[in-house]
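Open the structure in your viewer and keep the selection tool ready.

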Amino acid sequence: MDNRLKESRLFQRLNFSGPLRCQVRGSREIVNTIGEDLSLSGVKFINNKFIPPHTPVMLEINLRSQIVRPIAQIIWSSPFPRQDKFHLGAQFLEWNPKDKKNLSDFLNMQLHQQ
């Protein structure tokens with residue numbers, strides 16, 4: 001196996017198509033969108049506006065039976081071809097310990113069902 005192709009992420013990602021709310025810190029605008037994948041360290045989601053890397057954001061992620069609210073930082077942004085949409089990658093920075101445990105439990109349950 002080619003070592004260059006090995007997964008370098010610390011946490012396994014879950015394909016996740018669920019509701020997500022995003023608010024840039026210091027802004028009043030709240031964007032309702034959809035998550036695409038999720039791990040204990042971050043989330044990938046769709047947004048209609050570019051958010052530059054290093055921007056702090058407040059997130060609300062709906063895990064079906066509960067909502068978790070991490071503070072995150074945008075790590076990367078990639079435009080959709082020929083559309084006014086972006087894929088954004090956010091890394092979680094701050095957590096309420098209960099929310100982090102709820103996300104961990106949710107991910108473990110979902111990953112073991114695959």
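This is a predicted model: local features need pLDDT of at least 70, side-chain atom pairs count only at pLDDT 80 or more; totals for chains, interfaces and linings use all residues.

**Stop one: Q23.** Select Q23 in strand β2, residues 19-24. Q23 has a relative accessible area of 18%, under the 20% limit, so it counts as buried. Now show S27. Its backbone oxygen lies 2.6 Å from a polar atom of the Q23 side chain.

**Stop two: R21 and E60.** Stay in strand β2 and select R21, then E60. Their side chains meet in a salt bridge at 3.8 Å, N to O. E60 sits in strand β5 (residues 56-62), and the two residues are 39 apart in the chain. E60 is partly exposed at 25%, and R21 is partly exposed at 33%.

**Stop three: R13 and D37.** Here the closest N and O atoms of the salt bridge are 2.7 Å apart. R13 lies before β1 and D37 in strand β3, so the bridge ties together parts 24 residues apart in sequence. D37 is buried at 13%, while R13 is partly exposed at 24%.

**Stop four: E94 and R25.** This salt bridge spans 4.0 Å between the closest N and O atoms. E94 belongs to strand β8 and R25 to the loop between β2 and β3, 69 residues apart. The count of salt bridges comes to seven.

**Last stop: F92 and W95.** The whole structure holds three aromatic pairs. F92 and W95 form an edge-to-face one, 4.9 Å centre to centre with 75° between the planes. Both residues are buried.

Methods: Residues are numbered from 1 along each chain as its sequence is written. Side-chain values use heavy atoms; hydrogens and water are left out. Helices (H or I, at least four residues) and strands (E, at least two) are DSSP runs, numbered from the N terminus. Buried means under 20% relative accessible area, exposed over 50%, partly exposed in between (1.4 Å probe, protein chains only). A polar contact is a pair of N or O atoms within 3.5 Å; within protein, one must be able to donate a hydrogen and the other to accept it, and residues adjacent in sequence count only if both atoms are side-chain atoms. Rings of Phe, Tyr and Trp (its six-membered ring) pair if their centres lie within 6.5 Å; planes under 30 degrees apart count as stacked, over 60 as edge-to-face and the rest as tilted.
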